[in-house]
Amino acid sequence: MIKNSVLIIGAGISGMQSALDLAESGYKVYLVEKSKSIGGKMLMLDKTFPTNNCSVCILFPKLVECGCHPNIEVFTRSEVINLQGTARNFTVTIKKKPGYVDAEKCLGCGVCVEECPVSVDDEFNQYLSKRKVIYKMYPQAFPNAYIIDDANCLEIKKPGACGRCCRVCPTDAIKFNMKEEIIDVNAGAVIVSPGAGLVDGRIRGEYGYGIYNNVITSLQLERMLSVSGPYGGNVLKSDGTVPGRIAFIQCVGSRDISNNRGYCSNVCCMHTAKGAIIAKQNHENLEISVFCIDVRTFGKYEQYYESAQNDYGIRYIRSMVSSVKELPDKRLRLRYKTQEKNLLEEDFDMVVLALGFKPANGTIQMAKTLGIKLNRYNYCKVKEFSAVETSRKGIYASGVFSGPKDILESVTQSSAAAGACKELLNKVPGDSRSEEGCYISEKDTRAEKPRIGVFVCNCGSSIGGVVNIPEVVEKVKNFPDVVYVREFLYTCLQESVQVIKQKIQELNLNRIVIASCSPRTQKYFFQEVIREAGLNRYMLEMVNIREQCSLVHIYEPQKASEKAKDLIKMHVNKARFLKPLIETHVNMTPGALVVGGGISGMTNALSLARQGYEVHIVEKNEYLGGNARRIFIGFNKDVQHYLNQLIKKVNTNPKVQVITGVEIIKVDGYVGNFITTLSNKQKIKHGVTTIAIGGEEYKPEEYLYGEHDAVLTQLELEKEIAEEKERIKKAKNIVLIQCVGSRTSEKPYCSRVCCTKSNKIALEIKKINPGANLYILYRDIRTYGFNEEYYKQAREQGGVFIRYDIDDKPRVESVAAGLKVTTVDHVLGEEIVINADIVGLAAAILPPGDSTKINKMFKLSSGKEGFYRECPFRGSWGFSNEKLRPVTYASEGIFKAGLAQGPKSIEESITQAKAAASRETAILSSSTGKLSAVIAVVQKDKCAACCTCVRLCPYNAPVIKNYAAEIIPALCQGCGICAAECPNRAITLQNYGEEIFKSMFESIG
């Protein structure tokens, strides 16, 4: 029984993730979206960095989940017009506009579209193409029904003037008499995630957007690059030809005080790098230049920017373009100044404007309706150190509503917002979740001969533009045991899904092969489809003919087509051997272990405790607080006060047990049933685990650190500032050097927070020593988001910023008077010497030193930087892209938060810790958990108990019992290492046996 409900405003990736987090924990969710379909702007993107996976493909499973989840009620074309009441008891009034098409009756056949006489600019494709007045925003849109654009419909504007769509509709789904609805719902909490808009490119009139046809926006480029977009993945000028030279102009509408947009939009530099790389991949002869002030690829993705330059030859020019003029031959002449103040001109065929974020339309009115405060830029103002709390209790902010951020950060904050709702509403742990869908009885197909159905996806030009799909379909019809083959434009469309279900029942199909895109993003969805049709979900094979055929053989269509035929034939042969598998269930221990007692660990523990779960915090030191004990100058106010209050809350919460001065020595078990042994012999039983072991400060080996007492790291310097040491008060010249140990060949990542910290340090020094001269030596100033304000203030306070090059770093020497710092002024091109009293080093953030030991015990892996990666999650429901699962590990039931995952601020660590708690309670809220059935099994009469599998398994799944190996199902991740290495071939991965692979290979000779 559902006891609580949450209303979510906005159904982009952030709103959808919040909805799913809550729904999986048993909460009723009302998901309100102003536009015609859910999904938001992410659907307009071609691909997402760093994996460059198709945005629609990785997002589509979430669209389906939101649309089908029994605990989620979706309202599209709707907006909140009133909110009354208090936290835990809001009454929300929703106004729902008519779509003029009955979604229950609409077949999605498209006859109405063919008949409609009016075409208008397509806003989803950024006005690069036309659409009809009756339309779907995109082919996979949810709800899966056409809608009518009432602003341009002839019949709505003047009844009787048209109505042609109504006359041809085979199900009488079109209803011009639909009226606006007013709906009241009760909600215990509200999450606001309406997304953000992009500034109008005409904000900088000197660039000619809206005047010159070949000046486009970054989002228009995305639609060009998308293979499902209007240009089929090609970058084309207005005359239909491919440009030779493209210029990107950064910071259009960002870092622009004159337009009250003094903030950095956070994502534009990475967005440009990605767009430039993909454009070069699609058109290898393109010449691309990026005009920028600073390159803000902060955090772990610095190498993406390096790759753009080194691997793809993309030129970065540090300059602000002053004007763009169209020449008679339609080329575009850019005028700009170099760092050396030389005025230059260059001609390009196309200019792409990297547009900054702005608050979503209607934000000011929405804030008034909800009674919440906005900041000076009209983004939502969240409470300090809260991550998601607005000025009104019970209302939480998520995604870009509270400030510019990328997809991964938005997903993290959305889970944090969901967690905050769970803390507020505090459902009783162990409440049963709603049943996941209504299935018909599963058919017993074990004695049946294979009857295989093959469904091939054209996917627009993404697959069909290279692979000859009709030819493939004809070939597949002749494969053994194939009784039905069909091509779909998009296999994941709801109408396609209905056909698959129908054919399974009509033709008694008992094995299904889907040839489309990656099974990592789509397999779970299609497993659900065939299960709903009565088949065991493991009677499915997926063939990746996009990544493995069309994308990698784009210039060899015939070979790509032949390869697609071979791949499908192999998987058809594999499908013949498939057997129905039974999923196992495990009981859940309703408790958590948090490894690490810093701010991330304590925040995570408190969130779990407030939701009613028992939590153990294990901290190897004798005290709580972690790195935060050394932080006095945070991005917000008084870190030490906040830390002391947090420690007090942890120590006084009856559901949190703090264990300090001990280490973990052994970990056994699996999700729902972990047993962790500590060095004091204590054993803890827990259902989930949070790894929050923090990071470390790099101890510099350069700039005389450790040799001269006036050379300090940032943390050491801020402590002296906090204590108002005499030498800080008396210093005349203070030099701060950035990127010390970061952005090097050994540590190629950016440490993310250092630039903001140095600007904050400079401002604090000015408070206690106004006469001090402050010099900041930097490579790029990366004060992302609203942190740009600190950079502005530091300049206004007299801070002198001098750029240096990685190949010509500053030199620090000890002299009689103190320290001499020598660097090259990037404007003058000459060496300058600063006689410094103090040198502060922005030392890199390092991975935690004991991560190797923790990794071994919990079966975790790190990226090449040493930090934990954003891992794709493999659960009973399949895989998810790493972009959409930022706090999970491949090992189910284990989550991460804080610096161990990568450099971040205190606020970002808090957000991640709350997000992890939300994902953990989605597991703990059920008394049992379902595990994947694709696991290894042992043929005991062939097993020699040689322990090869035991030694090699990264998850400790095999154990030796009674002189033979045995696989613990809950630990097995289906990787197949044991089966591959068993010398007696005694181990088989279910549905992946030796005879299966032999058949696959033999099928193609």
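Student: Why is phenylalanine 385 called buried?

Tutor: Its relative accessibility is 9%, and buried means under 20% relative accessible area, exposed over 50% and partly exposed in between, with a 1.4 Å probe and protein chains only. Phenylalanine 385 therefore counts as buried. This is a predicted model, in which local features need pLDDT of at least 70, side-chain atom pairs count only at pLDDT 80 or more, and totals for chains, interfaces and linings use all residues. Residues are numbered from 1 along each chain as its sequence is written, and side-chain values use heavy atoms, with hydrogens and water left out.

Student: What makes tyrosine 642 buried or exposed?

Tutor: Tyrosine 642 has 17% relative accessibility, so tyrosine 642 counts as buried.

Student: How many aromatic pairs does the structure hold?

Tutor: There are 21. Rings of Phe, Tyr and Trp (its six-membered ring) pair if their centres lie within 6.5 Å; planes under 30 degrees apart count as stacked, over 60 as edge-to-face and the rest as tilted. Phenylalanine 385 and tyrosine 642 have ring centres 4.3 Å apart and planes at 15°, so this pair is stacked.

Student: Why is the pair of phenylalanine 455 and tyrosine 484 called tilted?

Tutor: Their ring centres are 5.9 Å apart and the planes stand at 50°, so the pair is tilted. Phenylalanine 455 is buried at 0% relative accessible area, and tyrosine 484 is buried at 17%.

Student: What makes arginine 795 a charge over the ring of tyrosine 791?

Tutor: The charged end of arginine 795 is 4.3 Å from the ring centre of tyrosine 791. The rule asks for NZ of Lys or CZ of Arg within 6 Å of the ring centre and within 35 degrees of the ring normal.
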